[in-house]
Amino acid sequence: MKKALITGITGQDGSYLAEFLLSKGYEVHGLIRRASTFNTQRIDHIYIDPHMPEARLFLHYGDLSDSGQLVHIIYNIQPDEIYHLGAQSHVRVSFDMPEYTGDITALGTTRLLEAVRRSGIKTRFYQASSSEMFGASPPPQNEKTLFYPRSPYAAAKVYAYWVTVNYREAYGLFACNGILFNHESPRRGETFVTRKITRALAHILAGKQKKLYLGNLNAKRDWGFAPEYVEMMWLMLQADEPDDYVVGTGESHSVREFVEKAFSYAGIEIEWKGSGTDEKGIVSSLKENLDIEQRILNTGDVVIEIDPRYFRPTEVEHLEADITKAKNKLGWQPRTTFDELVKIMVDYDMKFTGLKPIGEGIKTCMEKGFCYTNHEYSK
Ligand code: NDP
Ligand code: GDR
């Protein structure tokens with residue numbers, strides 16, 4: 001039985017990856033941080049008592065700031081594969097906490113790589129690199145595009161990218177960088193823009209929230225569906241040679257388009273008035289035949305406003321992946337469209353908020369056989 005260690009197992013990607021590796025027959029170990037409240041909600045459904053003979057998921061306390069514990073864990077587990085997903089992963093927050101972000105997101109990677117080297121084990125290493133590293137470089141971006149980071153987070157990821165390449169070249173470690181573009185899901189953290197939008201929409205429909213406050217509506221991102229992206233992480237570590245890959249959909253949309261698509265799916269058409277910080281999203285019409293609680297909304301209601309606090313000191317305007325290499329070398333390509341992704345997330349947040357989902361998103365997941373999301377919808 002192969003063993004994998006996942007840092008960041010409690011996050012969006014870590015939880016999907018753990019499910020995926022368990023489904024492939026792996027014994028999965030995860031690094032978790034001690035917190036005063038439970039932080040394992042995303043993996044509770046796959047966790048069973050480690051005393052049970054069938055247990056294959058094991059959790060270990062540790063932190064990316066604690067080298068000694070990283071060496072201890074790696075030496076004791078002797079994993080065949082390490083997926084390094086742990087990070088301070090929020091770009092806006094990295095402007096507030098630049099030093100901490102550098103410590104965890106950049107140096108944390110060195111600590112983990114050093115733990116591998118010092119423990120003397122033979123393993124394969126995946127580094128969660130990011131499209132944010134391309135920053136101000138114009139789209140489409142591929143493996144040869146110049147890095148031009150626009151935040152402390154992106155700068156930390158550039159460091160982590162290069163230190164991973166260095167351990168590959170200096171010590172012959174089988175180490176890969178997956179340069180992943182934005183990927184979302186019902187498990188996306190609530191403060192990232194897609195989930196913030198779908199969750200607020202559900203809350204507005206349920207009468208629990210009046211308005212959604214957003215920052216820059218014009219930024220464009222290449223948004224894909226997270227469960228598909230963790231499969232690519234695994235594929236990279238199964239290849240004959242270690243290499244770095246761009247992973248995305250090849251299509252980009254603005255934050256504004258995401259808002260319009262989500263609200264329209266729920267039967268609400270939005271009209272934009274004003275510009276800059278005065279811009280407002282106003283209900284221009286309501287479809288009448290949808291079985292949702294939209295009676296609390298009226299045409300003319302202001303549902304979206306701009307709050308400058310969500311602007312970034314330096315923004316990344318446009319990311320769009322060129323995934324030629326991933327397609328040609330690993331045969332990977334995305335299966336979920338932007339339209340489907342939005343519907344999957346809206347349906348989930350409606351269900352979570354106690355509303356009846358519209359259903360097209362759930363249908364997509366069932367038809368395409370995403371075992372991962374069945375769990376979310378059956379909760
Ligand atoms: P999340 O923010 O959902 O998860 C981050 C994980 O890192 C959590 O498990 C968190 O633990 C853990 N973590 C944070 N700080 C520490 C620390 N000091 N020590 C140990 N663990 C820590 O991120 P995603 O799942 O979305 O992303 C996974 C990785 O991929 C990240 O490195 C991210 O930067 C990168 N990435 C993500 C993309 C995306 O679109 N999602 C795109 C490209 C790259 P806790 O639950 O306790 O907070
Ligand atoms: P990003 O994701 O910064 O691309 O990083 P996020 O969803 O935070 O922002 C995307 C774009 O939306 C704009 N925006 C807002 N963003 C947030 N969070 N909140 C708002 O209210 C808001 N209004 C507009 C942002 O300015 C930005 O342009 C994500 C993370 O997962 C990183 O870890 C990962 O590396 C990259 O994706 C690829």
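Student: Which helices each supply at least two residues of the shell around ligand 2?
Tutor: In this predicted model, 21 residues surround ligand 2, and V91, S130, V193, G215 and A219 are the closest of them. Among the elements of the structure, the ones that each give at least two residues to this shell are α3 (91-96) and α6 (193-205).

Student: From which domains does the shell around ligand 2 draw at least three residues each, and how many of its residues are charged?
Tutor: The shell draws at least three residues from domain 1 (3-180) and at least three from domain 2 (193-221 + 254-317 + 338-368). Sorted by class, the shell around ligand 2 holds eight nonpolar and seven polar residues, while the charged ones number six.

Student: Which element gives the largest share of the shell around ligand 1?
Tutor: Of the 26 residues around ligand 1, those that come nearest are G8, G11, G86, A87 and A128. Two elements give two or more residues to this shell, namely β5 (124-130) and α1 (12-23). The largest share, three residues, comes from α1.

Student: With which residues is I6 in contact, leaving aside its neighbours within four places in sequence?
Tutor: I6 is one of the core residues that touch the most other members. Once the neighbours within four places in sequence are left aside, the contacts of I6 are G14, L17, A18, V28, G30, Y83 and L85.

Key:
Residues numbered from 1 in each chain as written. Chains lettered and ligands numbered in written order. Predicted model: local features only at pLDDT ≥ 70, side-chain atom pairs only at ≥ 80, totals over all residues. Core = buried A, V, L, I, M, F, W, Y, C linked by C-beta atoms within 7 Å. Buried ≥ 20, exposed ≤ 12 C-beta atoms within 10 Å, placed from the backbone. Contact = placed C-beta atoms within 7 Å. Near = placed C-beta within 6 Å. Helix = DSSP H or I, 4+ residues; strand = E, 2+ residues; numbered from the N terminus. Nonpolar A, V, L, I, M, F, W, Y, C, P; charged D, E, K, R; others polar. Domains from an automatic or database assignment.
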